[in-house]
Amino acid sequence: MNAPLLVVEAIDLFERDVRLRMPFRFGIVTLTRAPQVFARVRVELADGSTATGMAAELLAPKWFDKNPRLSNEQNFDQLRASLAQARELYLGGGADTAFGHFERHHAAQQQRCAAQQLNALVAGYGPALIDRAVLDGLARAQNLPFHAVVRDNLCGLRVGELTPDLAGFDVDAFVRRLRPAAHIDARHTVGLVDPITAADQRERVGDGLPETLEEVVAAYRQRWFKLKVGGDVDADVDRLVRIAAVLDRDAGDYRATLDGNEQYDDVDGVLALWRRMRAEPRLASLCRRIEFVEQPIRRHAALAQPLGALAAERPVIIDESDDTLDAFVRARALGYRGVSSKTCKGIYKSIVNRARCLHWNRAEALADPLDAGAADPRAYRMSAEDLTIQAGLALQQDLALVSLLGIGHVERNGHHYVNGMADLPEAEQQAFLAAHGDLYERSHGAVRVRIAQGRLAIASLQGPGFASGAAPLWSAMRPMPAPAWPPPDAPTH
């Protein structure tokens with residue numbers, strides 16, 4: 001089936017504030033609040049029919065650009081500037097396929113943002129949000145679910161100038177193999193200031209929800225965990241010992257990933273951490289259960305040298321270094337075995353990188369889950385990572401994407417650090433609960449994500465559109481302000 005051409009007629013951008021119930025420390029920031037941005041896009045197809053699509057994403061500070069001289073507010077404005085540039089490009093793009101709009105504007109978006117002192121990761125944020133809303137509009141215009149639009153390639157995904165490494169790869173055959181899932185495991189994030197046991201707490205939030213790692217394990221029965229490390233080997237090992245004591249005692253046959261959030265300067269620093277972990281008897285079980293290490297090295301150095309001996313210890317994947325469409329290709333040459341999927345980096349980037357995993361695994365005769373159902377531990381892989389994604393559009397679209405890509409577990413932390421939909425209008429809460437009663441529940445005074453035996457039920461995301469049978473209450477938001485970027489004294493890297 002040919003991919004429909006569509007014109008992006010209107011793009012409205014809105015915001016509302018997100019307050020965290022407990023602080024979330026990752027990398028160099030301790031997050032307590034941030035805006036969430038929403039895109040509402042109207043598309044017109046060749047037959048004159050129109051549809052409205054939606055998407056949402058947090059404006060997260062100190063992840064896209066970790067320059068410590070920038071304030072959180074300046075980080076927010078960087079992302080708003082990326083959105084403003086993408087909005088202008090997409091509105092002037094004429095008729096094209098959904099993927100064609102992304103492909104057509106990619107270079108110009110990167111160039112315009114670079115001229116405003118915005119890095120490539122920031123530049124990708126604006127198209128990432130708008131592309132999801134365009135796909136939602138296309139799916140609604142066709143009265144089809146997201147997975148059908150992708151599997152029938154109605155988005156127009158193709159190999160071209162942006163992905164020369166995939167020349168000859170059968171994109172249509174690849175997307176036809178993708179299948180949506182009805183459930184997915186939730187991987188719990190243990191942040192750098194999260195309490196492990198009650199002894200770590202000076203005061204409690206007291207809202208009835210789990211606060212310590214012990215309480216999380218007891219409440220949700222999760223078996224996947226993401227453990228943050230901070231770049232100080234002694235402190236990291238000490239904290240991991242305390243985490244392992246809880247998981248070894250209470251979490252059964254658990255699995256874990258280690259997230260460095262760019263806190264180590266080089267390969268040698270990460271090797272020192274891993275070797276200390278391997279030498280610590282109290283971490284013997286945890287070390288056996290670690291599936292991969294995520295972006296431990298600062299982005300300016302991560303792709304500057306081969307991983308060497310580190311690659312032989314555990315698979316290492318990139319996250320923040322995945323700033324351009326060819327970053328995974330460059331990382332592979334240095335010994336990296338995987339890359340993260342994050343909707344804030346772009347849905348097409350995730351799909352292309354999953355195609356690369358399949359392509360490379362076949363080339364090296366490594367079992368890929370799409371072929372064999374059980375991956376070779378040496379296989380190229382994609383992980384599914386979070387950026388404090390909030391319940392509603394953002395959460396649902398991310399879950400629909402990663403489950404379609406065949407990823408069996410996904411980091412979920414937004415439900416832990418934010419009190420569900422408690423700050424949203426009651427009518428909006430009820431609409432999402434009614435549309436997605438498998439994914440949400442009402443408890444402790446609000447609608448929130450439901451995790452049962454460590455899993456999320458997501459079959460309801462397979463209705464028409466991109467994973468949502470409900471819409472946010474637009475009247476309860478404010479228009480996204482014009483970005484104050486670049487400021488006259490913007491610090492440079």
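Arg112 and Glu88 meet through their side chains in a salt bridge, at 3.1 Å from N to O. A salt bridge here is a side-chain nitrogen of Lys or Arg within 4 Å of a carboxyl oxygen of Asp or Glu. The pair links distant parts of the chain: Arg112 sits in helix 2 (residues 98-115) and Glu88 in helix 1 (residues 72-91), 24 residues apart. Helices (H or I, at least four residues) and strands (E, at least two) are DSSP runs, numbered from the N terminus.

This is a predicted model, where local features need pLDDT of at least 70, side-chain atom pairs count only at pLDDT 80 or more, and totals for chains, interfaces and linings use all residues. Residues are numbered from 1 along each chain as its sequence is written, and side-chain values use heavy atoms, with hydrogens and water left out.

Two further pairs involve strand 1. Asp12 and Arg40 form a salt bridge (3.2 Å, N to O). Asp12 lies in strand 1 (residues 6-26) and Arg40 in strand 2 (residues 29-45), 28 residues apart. Arg21 bridges to Asp207 at 2.8 Å, N to O. Arg21 is in strand 1 and Asp207 in the loop between strand 5 (183-190) and helix 6 (213-220), so this pair ties together parts 186 residues apart in sequence.

Relative accessibility sorts the partners: buried means under 20% relative accessible area, exposed over 50%, partly exposed in between (1.4 Å probe, protein chains only).

| Residue | Relative accessibility | Class |
|---|---|---|
| Arg112 | 30% | partly exposed |
| Glu88 | 49% | partly exposed |
| Asp12 | 29% | partly exposed |
| Arg40 | 25% | partly exposed |
| Arg21 | 12% | buried |
| Asp207 | 24% | partly exposed |

The whole structure holds 55 salt bridges. A network of them links Arg187, Lys226, Lys228, Asp259, Glu294, Glu385 and Glu411.
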